[in-house]
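Please look over the structure shown here before reading on, and keep it in view while you work through the points below.

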Amino acid sequence: MSNPNAERLVSPFVAERFLQTERLEALIAPPYDVIDDGLRETLLAGDPHNVVRLILPEGNGDKYARAADVLAEWRSEGVIVRDDEPSVSILRQEFALRDGTRRSRTGMLAAVAVEPYGTGRVKPHEKTHAGPKADRLALLRTTDTVLDALFMLSRDEDNRLRDALERATRETPVASFEFDGVETTIWRVGGQRAHDLADRAQAASLYVADGHHRYETAISYREEKPRATHAVALIVPLGDPGLVVLPTHRMIHGEPVDVDRVVEGLRDWFQLHEVSRDVNYVERLTALRERGTGCIVTPPTGNAIALLMKPDASLADLPFTAEPSVASLDVARIDGLVVAKLVEAAGPDAHVSYSPDADRVIEAVVAGESVAGVLVNPTSVDQVLRVADAGAAMPQKATYFAPKVPSGLVFLNFEG
């Protein structure tokens with residue numbers, strides 16, 4: 001960060017937006033990777049100008065070219081308009097946790113320089129996969145536009161960014177709406193104040209919380225088109241009291257599994273306890289966390305089984321043992337031992353899916369959509385940072401930052 005010749009890490013930018021800000025709840029969508037076919041149709045039925053037509057294009061022929069055509073139509077029709085000057089947007093999201101607790105999270109939508117992780121200014125914590133990046137790159141090539149925002153964290157150790165964001169929210173907002181149970185308010189800040197906010201956000205490295213595939217796609221696109229210098233990110237200071245990480249529970253799919261037999265084979269590593277179906281599994285998980293690494297395995301029938309790792313359990317044969325920051329994660333241990341054994345037992349075509357909703361996992365297992373579920377505790381923000389600072393990578397779907405940053409709040413067009 002001290003290189004005086006380095007490109008600014010965080011900047012205001014000239015954004016494009018939906019003109020009808022009073023109707024944003026009908027025009028935005030969740031990030032593309034959490035939208036299934038049913039939700040896509042629901043969003044389009046609500047409004048034909050929903051951003052899902054851009055971020056998840058469909059149709060005959062080249063769907064990516066179709067997305068570019070739709071974007072051009074919306075620009076020409078005035079559905080999407082361009083700001084007159086660079087700015088940043090302040091985003092406050094108010095939401096309820098499953099226990100009814102209300103939280104409020106405030107961050108800043110700004111342009112973030114696209115550069116290799118080796119510079120140390122942007123730090124990841126996950127490995128990515130080629131398929132999703134190829135999909136997003138094809139969309140970037142045809143639209144030449146950033147259509148949604150990443151989610152990044154700023155250490156903000158002196159609280160300068162957090163305090164400045166709080167002051168900005170005392171002014172009149174430009175939009176407010178409710179979407180998917182989250183009440184969202186947006187403020188726009190331009191001029192020198194926008195640059196001051198950007199300076200505070202770039203005072204230290206940024207951590208990618210959500211959007212690794214899209215950031216790495218942006219790196220690839222910049223190599224092809226040098227003018228595509230930035231992505232867009234919601235930057236949230238670490239001290240924000242609304243910063244929440246939910247667990248990502250595991251669902252195993254494949255051939256029927258003798259869950260009791262698989263779990264019995266784990267006694268060298270875990271203490272096993274039967275858990276009645278009338279027990280609150282989330283509360284039991286929290287109690288396990290206070291004692292060490294634990295999880296709850298849910299079979300299709302009968303009671304669940306709580307697993308608590310023994311203090312002297314050997315982890316020497318697991319692949320993550322060389323990196324202490326990863327080896328300390330509950331989810332890495334559970335994936336390497338419990339989930340791996342269940343997947344092995346579920347046959348050659350077995351795979352894993354994920355959900356932050358424990359009830360959804362239990363329902364899927366009982367309904368036969370999944371052969372077993374594994375409920376885990378959430379990874380902490382501090383653990384995420386330790387892994388990122390070590391240059392290591394967490395297991396797949398180790399975190400679920402909530403709420404998600406909606407797609408369609410702002411766009412960054414590289415042609416302008």
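Glu216 is found in helix H8, which covers residues 212-224, where helices (H or I, at least four residues) and strands (E, at least two) are DSSP runs numbered from the N terminus. The model is a predicted one, in which local features need pLDDT of at least 70 and side-chain atom pairs count only at pLDDT 80 or more, while totals for chains, interfaces and linings use all residues. Residues are numbered from 1 along each chain as its sequence is written, and side-chain values use heavy atoms, with hydrogens and water left out.

**Two glutamates**

- Glu216 counts as buried because its relative accessible area is 15%, given that buried means under 20% relative accessible area, exposed over 50%, and partly exposed in between (1.4 Å probe, protein chains only).
- The side chains of Glu216 and Tyr117 are joined by a polar contact of 3.2 Å; a polar contact is a pair of N or O atoms within 3.5 Å, where within protein one must be able to donate a hydrogen and the other to accept it, and residues adjacent in sequence count only if both atoms are side-chain atoms.
- When neighbours within four places in sequence are left aside, Glu216 is in contact with Tyr117, Thr128 and Lys133, contact meaning heavy atoms within 4.5 Å.
- Glu94 belongs to strand S4 (residues 87-96), and a relative accessible area of 30% makes this residue partly exposed.
- Again leaving aside neighbours within four places in sequence, Glu94 is in contact with Arg102, Arg103, Ser104, Gly181, Val182 and Glu183.
- Although Glu94 and Gly242 are 148 residues apart along the chain, their C-alpha atoms are separated by 8.3 Å.

**The whole fold**

- The protein has 14 helices and 21 strands, and its C-alpha trace spans about 65 × 50 × 40 Å along the principal axes.
- For 416 residues, a compact globule would have a radius of gyration near 22 Å, and the protein agrees with this at 22 Å; the radius is taken over C-alpha atoms, and the globule rule is 2.2 Å times the number of residues to the power 0.38.
- Of the 416 residues, 53% count as buried.
- Among contacts between residues at least 6 apart in sequence, 79% join residues at least 24 apart.

**Cavities**

- Rolling a probe the size of a water molecule over the atoms shows where empty space is left.
- On a 1 Å grid over the protein atoms alone, a cavity is a set of points where a 1.4 Å probe fits but cannot get out, whereas a pocket is an open set with protein on both sides within 12 Å along at least five of seven lines, and lining residues have an atom within 4 Å of a point.
- Grid points are joined across faces, edges and corners, and a volume is the space filled by probe spheres set on the points.
- There are four cavities of 30 Å³ or more by this rule, and the largest cavity holds about 220 Å³ of space.
- The largest cavity is lined by 17 residues, of which Leu140, Val146, Leu147, Asp148 and Arg214 are the closest to its centre.
- Helix H5 (130-143), strand S7 (145-146), H8 and strand S12 (230-237) each give two or more residues to the lining of the largest cavity.
- The second largest cavity, with a volume of about 60 Å³, is lined by Arg17, Thr21, Leu24, Val174, Ala175, Ile186, Arg188 and Leu409.

**The second largest pocket**

- About 290 Å³ of space lies in this pocket, and among its 14 lining residues Ala332, Asp335, Gly336, Pro395 and Gln396 lie nearest its centre.
- Helix H12 (330-345) and strand S18 (351-355) each supply at least two residues of the lining, and H12 gives the most, with five residues.

**Backbone details**

- Most residues other than glycine have a negative phi, and most peptide bonds are trans.
- Asp144, in the loop between H5 and S7, has a positive phi near 55°, and at 4% relative accessibility this residue counts as buried.
- Lys397 also has a positive phi, near 50°, but is partly exposed, with a relative accessible area of 35%.
- The peptide bond from Ala402 to Pro403 is cis, with omega near -5°, and Pro403 lies in the loop between strand S20 (400-402) and strand S21 (412-413).
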